[in-house]
Amino acid sequence: MERFDKKGRLIIPDLQKLGAAKKAGVLVEKKKLHVTRAFCPKGHALITDSSRKFGGRPGIQLWVRGKHLEQLVTLSPFQGDFAKFYEQEFEAGEGLDVMCPLCYAPLPVLAPCGCTPGSYWVVMFLRPEQDYNDAVGVCNTWGCPSSFIRLSGEILTEYRASAQR
């Protein structure tokens, strides 16, 4: 049985983990993990019915600030899908401040990403309470595809920039 798909994403057949994922708001749809809810550190929903859609599913809305620009960016809710909606392109490789679009609370920093010097993972929570054991993370660097989904303290799936090289 294959462990990784053509894009380097881990294929997870563990039904117990998938059951826990569904309970936490992560679904499997057409062999892709789909995040159905995400929250800022203050408990605001980052995925709402009014979010821009990806394959008919609402995306993850974030307020993003760079050196010369700040704007709403909506990320695809599908793990490994790097599509996003935005008005203007940030500079490639630019480190960004990533915040809640409602209260502008910065998303917590978890760890360095390693794609570029100074890059780091920011975290969104799968429940309104802050719990780093159930979280979604993305890199703060514009253009870096790195992301992860963590459930019960274990990485359920992870995509790193180095996996595409």
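Two strands count as paired if DSSP finds at least two bridges between them, and strands themselves are DSSP runs of E with at least two residues, while helices are runs of H or I with at least four, both numbered from the N terminus. The model is predicted, so that local features need pLDDT of at least 70 and side-chain atom pairs count only at pLDDT 80 or more, whereas totals for chains, interfaces and linings use all residues. Residues are numbered from 1 along each chain as its sequence is written, and side-chain values use heavy atoms, with hydrogens and water left out.

**Exercise 1. Describe the setting of Ala45, and decide whether Ala45 is buried, partly exposed or exposed.**

Step 1. Ala45 belongs to the loop between β2 (32-35) and β3 (53-54).

Step 2. With a 1.4 Å probe and protein chains only, buried means under 20% relative accessible area, exposed means over 50%, and partly exposed lies in between; Ala45 is partly exposed because its relative accessible area is 30%.

Step 3. Leaving aside residues up to four places away in sequence, Ala45 touches Ala38, Phe39 and Leu102, where contact means heavy atoms within 4.5 Å. The C-alpha atoms of Ala45 and Cys100 are 8.7 Å apart, although 55 residues separate the two along the chain.

**Exercise 2. Characterise the lining of the largest pocket, and state which strand gives the most to it.**

Step 1. On a 1 Å grid over the protein atoms alone, a pocket is an open set of points where a 1.4 Å probe fits, with protein on both sides within 12 Å along at least five of seven lines, and lining residues have an atom within 4 Å of a point.

Step 2. The lining comprises 31 residues, and those nearest the centre are Leu75, Lys84, Val138, Cys144 and Ser146.

Step 3. At least two lining residues come from each of β5, β6 (70-75), β11 (135-139) and β12 (147-151), and β11 gives the most, with four.
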